Amino acid sequence: ALAFKRCMALTALFVLPVNAIMFIMAPEIIFVLLGPAWEKVIVPFRLLSVGMFFRTGYKFSDTLAKAKGAVYHVALRHGLYGAMVLGGAWLALPYGLSGVATAVVGALIVYFFLMTDLSVRITGVSWVELLKSQKPAILSTGTIILITWLLVSILRGRNYTAISILGIVTTVDFVFLVIFYRFLPIGITGEDGAWLAKTIQSLLRSQFGNQGENSLDKRPSQK
């Protein structure tokens with residue numbers, strides 16, 4: 001139960017801000033990676049970026065359910081998900097690529113909640129606990145949305161190039177996240193984020209400590 005809740009909280013903590021950045025900066029990302037000729041895929045790209053967290057999140061539920069032997073429950077939900085993707089895409093064909101992307105993301109979100117509900121039943125974690133664990137991710141993502149939107153609006157208004165906007169904004173966002181995740185672990189990242197920070201520090205300390213001890217052992221002895 002703790003592992004499941006922690007995985008979901010940490011996934012949201014890192015993936016949701018990336019989702020927000022990708023959604024807001026979709027024009028710059030597409031222009032830099034594919035070129036101006038691909039302008040029509042900006043809207044589908046934005047729609048698919050919304051599903052990034054849901055796709056990542058259901059992987060944990062899928063693994064958990066299989067590990068607990070609930071393979072028939074997983075198979076049933078897989079079947080429903082496949083039917084929703086195929087049926088939704090077929091119905092959305094008249095609306096073009098954006099319509100199909102909307103249908104696929106909608107099916108993905110439904111599947112995410114179906115698998116999460118199964119995991120909640122298996123682990124005994126309540127939906128309230130699960131939602132509370134997402135609070136730090138929501139707060140940090142909301143701040144990232146505000147920072148990114150303001151910076152992008154200013155830079156676009158001053159006719160900066162797409163690659164300049166992409167570089168400046170992603171750098172500022174990265175620095176912001178590092179500072180807040182590092183110096184305010186409880187307030188911003190919550191208990192799960194604090195646990196991750198301590199775990200990483202412990203692993204690094206162990207790794208570098210062992211290397212230091214090995215290097216000392218290899219030094220020639222002095223009389």
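Colleague: Which residues does methionine 115 touch, not counting residues up to four places away in sequence?

Modeller: In this predicted model, methionine 115 touches Tyr58, Ser61, Asp62, Ala65, Val74 and Arg77. Met115 is also listed with Phe53, Tyr58, Ala65 and Phe112 as having the most contacts inside the largest nonpolar core, which has 22 residues.

Colleague: Which elements give two or more residues to this core, and which gives the most?

Modeller: Those elements are α1, α4 (52-67), α5 (71-92) and α6 (96-123), and α6 gives the most, with seven residues. A second, separate core of 14 residues includes Ala20, Met25, Ile144 and Leu166.

Colleague: Why are α1 and α3 called roughly antiparallel?

Modeller: Helix α1 (residues 2-24) and helix α3 (residues 42-50) pack at an angle of about 170 degrees, with their axes 9 Å apart. Angles over 145 degrees count as roughly antiparallel, and the two helices are therefore given that description. In this contact, Asn19, Met22, Phe23 and Ile24 of α1 meet Phe45, Arg46, Ser49 and Val50 of α3, and by class there are five nonpolar, two polar and one charged residues.

Colleague: What makes α1 roughly parallel to α8?

Modeller: The angle between α1 and helix α8 (residues 135-157) is about 25 degrees, with the axes 9 Å apart. Because angles under 35 degrees count as roughly parallel, α1 is roughly parallel to α8. Their crossing is right-handed, and the residues of the contact divide into 13 nonpolar, three polar and one charged.

Methods: Residues are numbered from 1 along each chain as its sequence is written. This is a predicted model: local features need pLDDT of at least 70, side-chain atom pairs count only at pLDDT 80 or more; totals for chains, interfaces and linings use all residues. Side-chain values use heavy atoms; hydrogens and water are left out. Axes are lines fitted to C-alpha atoms, for helices over the stretch in contact, and angles run from 0 to 180 degrees between N-to-C directions. Helices (H or I, at least four residues) and strands (E, at least two) are DSSP runs, numbered from the N terminus. Angles under 35 degrees count as roughly parallel, over 145 as roughly antiparallel, 65 to 115 as roughly perpendicular and the rest as oblique. Contact means heavy atoms within 4.5 Å. Ala, Val, Leu, Ile, Met, Phe, Trp, Tyr, Cys and Pro count as nonpolar, Asp, Glu, Lys and Arg as charged, and the others, Gly among them, as polar. A nonpolar core is a set of buried Ala, Val, Leu, Ile, Met, Phe, Trp, Tyr and Cys residues joined through side-chain atoms within 4.5 Å. Buried means under 20% relative accessible area, exposed over 50%, partly exposed in between (1.4 Å probe, protein chains only). A crossing is left-handed if the near helix is turned anticlockwise from the far one by less than a right angle, and right-handed if clockwise.
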